[in-house]
Amino acid sequence: MAAMDFSAASRSGIVARALVLPVALLLLWVLLDALGVLKEGIVVSPSQVFATAHEGFADGSLPGAALATLLRALTGWAIGAFAGLVFGLVLGLSGIARNLFDPSISSLRQIALFAWIPLLSAWLGNGEAMKITLIALGAFFPMALGTQAGCQNVPAPFREVGRVLELDRRATITTIIIPAALPSILAGLELSLNIAWLGTFGAEYLIGTGYINGMGDGLGAYLAAAREHARMDQVLLGVLFLALIGIGLDRFVLGFSRRLVSWRTP
Amino acid sequence: MADALTLSRPVARDAGAVTIQDVSKTFHVENRTVHALDDVSLAIASGEFISIVGPSGCGKSTLLRFLAGLDRPDGGRITVDGEVVDRPSLKRGIVFQDHRLLPWLNVEENVALSLRSLAGAPSAKKERVQSLIDLVGLTGFEKAFPHELSGGMSQRAAIARGLAPRPPLLLLDEPLGALDSLTRSYLQDELLAIREREKSTVVMVTHDVEEAIYLSDRVVVMEPRPGRIAATFDIISRRPRHRDDPDFVATRRKITDLLAKR
């Protein structure tokens with residue numbers, strides 16, 4: 001119990017220290033605004049951003065955009081990560097599958113995510129299907145790679161335990177390979193969420209934001225519109241929301257994976 | 001086959017006899033040929049406790065891995081109870097120096113894993129796991145994970161895992177090598193008591209000459225380049241042995257002299 005109290009205390013200490021820089025920057029901003037040295041149009045005042053946020057919450061546009069982005073990211077991530085898990089397992093466990101698919105997957109992985117946009121929009125148009133596919137594609141590769149690497153890099157001593165205990169293939173996979181690969185699989189999961197989140201913004205910002213087939217929704221479209229209308233206050237708010245939700249997602253997956261591999265850290 | 005083992009009966013009286021015949025192994029390292037083992041032959045009787053000592057590179061661990069079926073010799077053959085060893089089997093339990101407990105399973109689950117491929121009722125398996133945990137003195141630590149155990153406790157759990165399927169032959173690869181001297185001498189006595197109950201043949205590889213004399217019926221001294229048997233010593237004094245008994249001291253002197261010459 002004492003140890004837990006201690007770790008809780010040190011944790012809040014870490015959080016406090018992490019907040020020093022953002023709070024200092026915020027104070028500097030308020031100070032500069034009060035001194036009247038901020039140039040209109042380039043840097044807006046804190047009070048104006050606050051007012052815009054208030055307005056955005058009142059008419060629901062800001063939480064609506066955030067929610068649309070979050071749902072889109074999670075949908076694409078779930079699809080891509082699941083496909084990546086399946087593919088990674090097959091490639092990690094079967095030498096034949098590796099020979100068949102590994103070179104192709106490795107080549108496709110080299111293509112930058114946004115370079116898929118022309119191809120995908122030709123096939124799928126510029127609607128939701130295209131955006132989700134792009135996000136899923138981004139999530140797929142890190143997940144597949146992490147899973148495959150984890151399965152292939154199970155330490156030989158653990159594999160030997162499976163051999164001397166005469167475990168059959170299925171028992172070897174479930175009791176040795178997958179648990180041993182789990183840290184790598186979870187690292188792939190974290191990275192895939194990160195890529196999915198970045199990809200979601202890119203998809204919203206670059207595809208379907210008024211130029212091609214009308215305004216899209218989500219924070220990406222919100223930011224694109226803000227930029228178009230030179231609304232620096234909205235730009236700042238959009239960026240802030242992207243950062244906050246992104247870090248929230250990251251922490252969620254991190255906490256989840258720490259729980260799953262609690263055997264690793266005493 | 002694994003299912004030829006039974007959970008309930010102790011090891012048969014004449015099981016666990018080993019014949020090692022002209023076993024050789026060469027490794028190729030940077031265009032050089034290293035004779036890890038050169039025509040090694042040894043017969044081990046059922047129920048015997050054999051220790052293999054020798055400097056690093058004498059091939060003692062290689063030989064043990066052959067006995068386990070984890071690797072195969074280039075030449076010669078190894079049989080246990082007339083059956084050629086060509087792959088690992090639950091009939092030959094092995095305890096490694098690095099306990100190799102699976103870190104994601106607790107003590108109970110680690111021990112139970114060795115019974116997974118055996119036929120038998122779950123309740124009988126559970127009982128066997130518990131009796132082994134009791135035997136090695138880990139009662140109360142069934143749910144503990146390896147990272148929560150000391151080195152000595154981990155090695156006890158590994159011994160329990162090795163013994164659980166009642167292997168007629170138990171292979172120990174420097175099982176106490178990584179432990180402090182107090183834990184080590186305590187576990188040596190435990191090992192003798194455990195073997196007394198389980199009646200397996202035991203082949204142990206060790207660096208420690210005293211440990212070998214203290215525990216074994218016979219000590220095999222190996223020499224490197226090429227790896228082969230230099231001499232064997234029958235240890236006939238009754239147990240419990242004392243490290244300052246005259247014949248203990250004399251045997252130790254002979255073995256250390258032999259090892260120093262190489």
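In this predicted model, the C-alpha centres of domain 1 and domain 2 of chain B are 26 Å apart.

**The two domains.** Select residues 16-91, 168-180 and 198-261 of chain B for domain 1, and colour residues 97-166 of chain B separately for domain 2.

**The interface.** Next, display the residues where these two parts touch. On the side of domain 1 of chain B, 11 residues are in contact with 13 residues of domain 2 of chain B. About 1,000 Å² is buried between the two domains of chain B, and carbon and sulfur atoms contribute 62% of this area. Between domain 1 and domain 2 of chain B there are 2 salt bridges. Polar contacts across this interface of chain B involve 3 residue pairs.

**A salt bridge.** Show the side chains of R166(B) and E198(B), which form a salt bridge with an N to O distance of 3.9 Å.

**The sheet.** Now turn to the open sheet of chain B, in which 4 antiparallel strands follow the order β2-β1-β4-β5. Select residues 32-44 (β2) and 83-84 (β5) of chain B: these are the edge strands, and each has a single partner, so one side of each has no neighbour in the sheet.

Notes:
Residues are numbered from 1 along each chain as its sequence is written. Chains are lettered from A and ligands numbered from 1 in the order in which they are written. This is a predicted model: local features need pLDDT of at least 70, side-chain atom pairs count only at pLDDT 80 or more; totals for chains, interfaces and linings use all residues. Side-chain values use heavy atoms; hydrogens and water are left out. Two strands pair if DSSP finds at least two bridges between them. Helices (H or I, at least four residues) and strands (E, at least two) are DSSP runs, numbered from the N terminus. Domain bounds come from an automatic or database domain assignment. Contact means heavy atoms within 4.5 Å. Buried area is the accessible area (1.4 Å probe) that two parts lose on being put together, summed over both. A salt bridge is a side-chain nitrogen of Lys or Arg within 4 Å of a carboxyl oxygen of Asp or Glu. A polar contact is a pair of N or O atoms within 3.5 Å; within protein, one must be able to donate a hydrogen and the other to accept it, and residues adjacent in sequence count only if both atoms are side-chain atoms.
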